[in-house]
Amino acid sequence: MRIGIVCYPTFGGSGAIATELGQALAKRDHEVHVISYAPPFRLREFRLNLHYHAVEVSSYPLFKYPPYDLALASKIMEVVEETGLDLVHAHYAIPHAISAYLARQMLPADKKIKVVTTLHGTDITLVGAEKAYAEITRFGLRQSDGVTVVSEWLKRETERSFAVGREIRVIPNFVDTDRFSPGEDAAHRARFARPEEKLIVHASNFRPVKRIPDVIRCFALLAGKMPARLVLVGDGPELPRAAEQASELGIRKQVIFAGQQEAIEGLLRVADAFLLPSEFESFGLAALEALSSGTPVVGTEQGGMPEVVTSGVNGHLCGVGEPRCMAEFLVRLLSDPERHAAFRRAARESVVSRYSEPAIVSLYEAFYEEVLGR
Ligand code: GMT
């Protein structure tokens, strides 16, 4: 197949999944064209059947808001005309599903494409819920030839909020289980923590939905009970406040601010636990990558995380805003090496059996075939 993938290029789960999917499809000999406003951060494979097309958004004094969505629609149309794409897969509803729809409308009758939209979470729960975007999101979903979501929870949320009256297929996120794999690496671990210190990791885009104050509070409670270090990976609006809060709680020296990092697998492998106390995650790709690395996850009962993390098996889920519950679990787990080792094994097993790249990419392939055959 000739597949166009439209995604955000920046650090974030939807761009990561879209790009990994593009690379995996190219490995399966499909011709893949990734369309975005910058090279996606996970795009690292060199293959002759994997192409990147930049959307150029020109500024003009009249444009207070440069019309990215229109430039994207024109770029999609141009790529279809040049390469004969069969299908465009839009990741994130706003504006990608709408731009793909526009491109399809603009194309001549003999060059029509099918449009598949994948919803990742905030495109429905935050952006789509805003009055300015709700109707256009619903329109984009109705006009797509196929719609997928990354969790059962997001499917329910989409049906509840948008009542689109159409099939929505759940195709969960996936992970490269070779890249994110368990293993000991004392030298790498020593870069972050002393042998007697427990190593806790949080990685995100530091948006309010991630509840960064709970990360810091939970870690402070843990550090009061045992020697520990916290590594924060990523960047975003909540980061400056995190540093202040760590100082106020007297744990600033135990917190490492690593900034944005792409090669996080080495750190996840040597971490003792991954902390994700989000208000909700439609899925929680970062948690999946940690589990695949054999690292138990402590998160929240909201959203799609319960589909990935099972309390008492591969991690623990608490209510939103309950850092004490999270810390108490961590103290118990990290004081018991045998139990911790069992959680590590279960973490890895839970991913390999359900979320490995080949299995999930096959689901997308089958969905494309189905949509093209309609
Ligand atoms: O984590 C984010 O806020 C970024 C966002 C995105 O669209 O890039 O992530 C969402 O999509 C990921 C990939 O499907 C999911 O794993 C995340 O759970 C989801 N984030 C939220 O629902 C908050």
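1. Basis. The model is predicted: local features need pLDDT of at least 70, side-chain atom pairs count only at pLDDT 80 or more, and totals for chains, interfaces and linings use all residues. Residues are numbered from 1 along each chain as its sequence is written, and side-chain values use heavy atoms, with hydrogens and water left out.

2. Largest pocket. Its volume is about 1,200 Å³. A pocket is an open set of points on a 1 Å grid over the protein atoms alone, with protein on both sides within 12 Å along at least five of seven lines; a cavity is a set where a 1.4 Å probe fits but cannot get out; lining residues have an atom within 4 Å of a point. Grid points are joined across faces, edges and corners, and a volume is the space filled by probe spheres set on the points. The largest pocket has 47 lining residues, and Phe11, Gly12, Gly13, Asn205 and Lys210 are the closest to its centre.

3. Helix H1 (13-27), helix H4 (122-127), strand S11 (273-276) and helix H11 (285-292) each give two or more residues to the lining of the largest pocket. H1 has the largest share, 5 residues. Helices (H or I, at least four residues) and strands (E, at least two) are DSSP runs, numbered from the N terminus. By class, this lining holds 22 nonpolar, 18 polar and 7 charged residues. Ala, Val, Leu, Ile, Met, Phe, Trp, Tyr, Cys and Pro count as nonpolar, Asp, Glu, Lys and Arg as charged, and the others, Gly among them, as polar.

4. Its place. The largest pocket lies between domain 1 (2-174 + 356-373) and domain 2 (186-352), because both give residues to its lining. The domain bounds come from an automatic or database domain assignment.

5. Second largest pocket. About 450 Å³ of space lies here. Of its 20 lining residues, Glu184, Arg269, Val270, Asp272 and Arg344 lie nearest the centre. The lining has 7 nonpolar, 4 polar and 9 charged residues. Helix H7 (186-189), helix H10 (265-270) and helix H13 (337-352) each supply at least two residues. The largest share, 5 residues, comes from H13.

6. Helix H13. The end C-alpha atoms of H13 are 23 Å apart, which agrees with the 22 Å that its 16 residues should span at 1.5 Å a residue. That expected span is 1.5 Å times one less than the number of residues. Buried residues in H13 are His340, Phe343, Ala346, Ala347, Arg348, Ser350 and Val351. Buried means under 20% relative accessible area, exposed over 50%, partly exposed in between (1.4 Å probe, protein chains only). Their cover includes H11, strand S13 (315-318) and helix H12 (323-334).

7. Cavity. The whole structure has 1 cavity of 30 Å³ or more. The largest cavity has a volume of about 60 Å³. Its lining residues include Ala16, Ile17, Glu20, Arg42 and Glu289. H1 gives the most, with 3 residues. The lining has 6 nonpolar, no polar and 5 charged residues.

8. Val231. This residue is in strand S9 (residues 228-233). Val231 is buried, with a relative accessible area of 0%. Beyond its neighbours within four places in sequence, Val231 is in contact (heavy atoms within 4.5 Å) with Phe192, Leu199, Ile200, Val201, His202, Ile256, Ala258 and Leu267. Ala258 is 27 residues away along the chain, yet the C-alpha atoms of Val231 and Ala258 are separated by 6.7 Å.
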